[in-house]
Amino acid sequence: MKRLIVIMGVAASGKSTIASRLSEAEGWKYLEGDEFHPEANVEKMAGGTPLTNKDREAWIDAMALAVVENKSDPIILSCSALNAFVRNRLQDGCDRAVSWVYLKVPREELIRRIEERENHFMKRAMLDSQLSTLEPPEDCLEVDADHSIEETINTIKSGLTLQS
């Protein structure tokens, strides 16, 4: 069965950076989860209002459709996937075995990273909401992403090899 590798975590955990670099290193197709948010979701988050699961449905369905329509194997997707609702709907909507890679970063480091960002819709005010919504999956590769990009990628590559 084809495989989907989801790099997940809260804002500023490094999802996009790690997923894109891992994609480049391995020659895998990369999908950026933020690109699938409807404009209403982006506006809501930029305004400091957390999304509900109802808000997330169109976003999840769009990501799942992109995965189904893409023939590459594996595909790597950066996506917050904060709770079981998101993960179950995404997994049910695509035709692949899914590996979850949870990037864990201390709150203080997340704040530092958010404050250094420019032109991103997710602001510091939303971090606590994301942390309170976060339900790390039991069946994931949990990676301490408070190290260098290279160390984090190497940890993921080693962990995914063990999961294969």
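Analyst: Glutamate 109 and arginine 113 lie four residues apart in helix 5 (residues 107-116), so about one helical turn separates them. The model is a predicted one. The side chains of glutamate 109 and arginine 113 meet in a salt bridge, with 3.0 Å from N to O. Both glutamate 109 and arginine 113 are buried. Side chains of opposite charge can then pair when their charged atoms come close.

Glutamate 116 and arginine 112 are four residues apart in helix 5, and about one helical turn lies between them. Their side chains form a salt bridge at 2.7 Å, N to O. Are these two residues buried or exposed? Glutamate 116 is exposed, at a relative accessible area of 55%. Arginine 112 counts as partly exposed, at 37% relative accessibility.

A search of the whole structure gives 11 salt bridges. One of them joins arginine 89 to glutamate 57, with 3.7 Å from N to O. Arginine 89 belongs to helix 4 (residues 84-93) and glutamate 57 to helix 3, so this pair ties together parts that are 32 residues apart in sequence. With 28% relative accessibility, arginine 89 is partly exposed. The pair also belongs to a network of salt bridges that links Lys54, Glu57, Asp61 and Arg89.

In general, the strands of a sheet pair through backbone hydrogen bonds, either parallel or antiparallel.

Strand 4 can be followed on both of its sides. Strand 1 (residues 3-8) runs parallel to strand 4 and is joined to it by six bridges. In this pairing, leucine 4 stands opposite valine 98 of strand 4. Strand 4 also pairs with strand 5 (residues 140-144), in the parallel sense and over five bridges. There, leucine 103 is opposite valine 143 of strand 5, and lysine 104 is opposite aspartate 144 of strand 5. How much of strand 4 is buried? Six of the eight residues of strand 4 (residues 97-104) are buried, so the rest of the structure largely encloses this strand.

The nonpolar residues come next. In soluble globular proteins, nonpolar side chains tend to be buried together. The largest nonpolar core here has 45 residues, and those with the most contacts inside it are Val6, Ile7, Val101 and Ile156. Helix 3 (residues 53-69) gives the most to this core, with six residues. Leaving aside neighbours within four places in sequence, valine 6 is in contact with residues that include Leu77, Cys79 and Leu90, as well as Val98 and Val101.

After helix 2 comes glycine 48, with a positive phi near 90°.

Asparagine 70 sits in the loop between helix 3 and strand 3 (75-78). Asparagine 70 has a relative accessible area of 16%; buried means under 20%, so this residue counts as buried. Apart from neighbours within four places in sequence, asparagine 70 is in contact with Lys29, Ile75 and Arg96.

Key:
Residues are numbered from 1 along each chain as its sequence is written. This is a predicted model: local features need pLDDT of at least 70, side-chain atom pairs count only at pLDDT 80 or more; totals for chains, interfaces and linings use all residues. Side-chain values use heavy atoms; hydrogens and water are left out. Buried means under 20% relative accessible area, exposed over 50%, partly exposed in between (1.4 Å probe, protein chains only). Helices (H or I, at least four residues) and strands (E, at least two) are DSSP runs, numbered from the N terminus. Two strands pair if DSSP finds at least two bridges between them. A nonpolar core is a set of buried Ala, Val, Leu, Ile, Met, Phe, Trp, Tyr and Cys residues joined through side-chain atoms within 4.5 Å. Contact means heavy atoms within 4.5 Å. A salt bridge is a side-chain nitrogen of Lys or Arg within 4 Å of a carboxyl oxygen of Asp or Glu.
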